[in-house]
Amino acid sequence: MNQYTDIKTTPLKFHMFFWKIWIPVQIILGGWNFGTLSADMQAIDLYTAIDMVYYLLSGVLFAAALGGFFRWKRSALISVFIQMAANILYVLIAFVLAYSQTPSTANLAFGSVAGTFIRCIPVGIYYYKRRRLFVKGGYSRQQMQAMQNSGYSASFSGSFAQNSRTYSSTQQENSGEQPHFCHNCGRQLPNNPNFCIYCGTKLR
C-alpha cells in the first residue's frame, strides 16, 4: 500500500470532492434532520433520541474536519475516522433495533449497513494512505506561506496544487545554488528554508 508523504505528488482529487462538497452537504443535511427531529420534544422516543445524538455528533465531527483540513491538521483526520466509526455503529444499532421490532424490515436496514460499509471502508483506506500528509496542530501560517512561495498555490480546499514555478535540481545547478535537504524526511528543499515544507521539521 502506497504511503503518501508529499502533498505535491499525492493524488488529492477525491480529497477535494470530499472536503468541498461531501462534508458541507452532510453538515447541512444533518442539521436539517436534527432540527426536524427536535421540533417536537414531547414526541421523542428512543429511536429519535439515537438519531438526534448521531446527527449532532456527526455535525461536530464534520465541522472539525472541515476546518482542520485548511491547515492539514491531524485532528481533522481523526475526526473523519471517528465519524465513520460512529456511522457504522449507528447503522448497526439501527439494524439490531429494526430486526428486534419488525424482522420484515431487516432487509432494508441491512441494505443501509452494507451501503455504509461500502462507503466508509474506501474512504478510510484513502485517508489512511495519506495520513502522513497531516501534522499535529497543522501547519503554521509561516509554513503555509513557505509552501506557496516554494511552488505551491493554496486553494480553497486547503490542498496544494503544483505551481508552474517549480524547483528542480537542474535549475539549481544552473543558478549555482547548492541543493538543500531536510535532515528528517530527506526531501530536497528550495531556497534553504527555516523548516521543511513537507514534514514541518525546523531546520535552523
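**Note on a predicted helical and stranded protein model**

1. N87 is found in helix 3. Helices here are DSSP runs of H or I with at least four residues, strands are runs of E with at least two, and both are numbered from the N terminus. N87 counts as buried, at 7% relative accessibility. Buried means under 20% relative accessible area, exposed means over 50%, and partly exposed lies in between (1.4 Å probe, protein chains only). Leaving aside neighbours within four places in sequence, N87 is in contact with Y54, T116, R119 and C120. Contact means heavy atoms within 4.5 Å.

2. On the basis of the values: this is a predicted model, where local features need pLDDT of at least 70, side-chain atom pairs count only at pLDDT 80 or more, and totals for chains, interfaces and linings use all residues. Residues are numbered from 1 along each chain as its sequence is written, and side-chain values use heavy atoms, with hydrogens and water left out.

3. The overall layout comes next. The protein has six helices and four strands. From the N terminus on, their order is α-α-α-α-α-β-β-α-β-β. Of the 204 residues, 33% count as buried. Take the contacts between residues at least 6 apart in sequence: 58% of them join residues at least 24 apart.

4. Q83 also lies in helix 3. Q83 counts as buried, at 5% relative accessibility. Its side chain joins that of S58 in a polar contact of 3.2 Å. A polar contact is a pair of N or O atoms within 3.5 Å; within protein, one must be able to donate a hydrogen and the other to accept it, and residues adjacent in sequence count only if both atoms are side-chain atoms. Not counting residues up to four places away in sequence, Q83 touches Y54, S58, L61 and F62.

5. The largest nonpolar core has 22 residues. Such a core is a set of buried Ala, Val, Leu, Ile, Met, Phe, Trp, Tyr and Cys residues joined through side-chain atoms within 4.5 Å. F18, F69, W72, V80, Y127 and F134 have the most contacts inside the largest one. Helix 1 (13-37), helix 2 (46-68), helix 3 (74-101) and helix 4 (106-129) each give two or more residues to this core. Apart from it lies another core, of seven residues, including A146, C182, L189 and I197.

6. Beyond its neighbours within four places in sequence, F134 is in contact with H15, F69, W72, K73, R74, L77 and Y127. W72 sits in the loop between helix 2 and helix 3. W72 counts as buried, at 0% relative accessibility. Its phi is positive, about 60°, although W72 is not a glycine. Most residues other than glycine have a negative phi.

7. Now the surface. The protein exposes about 11,800 Å², and carbon and sulfur atoms supply 61% of it. Accessible areas come from the Shrake-Rupley method with a 1.4 Å probe; for residues, only the protein chains shown count as cover. F14, F17, I21, V25 and L29 make a nonpolar patch of about 400 Å². Like charges are joined within 9 Å, and nonpolar side chains (Val, Leu, Ile, Met, Phe, Trp, Tyr) within 5 Å. I21 lies in helix 1 and is partly exposed, at 44%.

8. Last, T201 is in the segment after strand 4 (188-189). T201 counts as buried, at 19% relative accessibility. T201 and H183 are 18 residues apart in sequence and 8.4 Å apart in space, C-alpha to C-alpha.

Key:
Patch = residues over 30% accessible without salt bridge, like charges linked within 9 Å, V, L, I, M, F, W, Y side chains within 5 Å. Salt bridge = Lys/Arg side-chain N within 4 Å of Asp/Glu carboxyl O.
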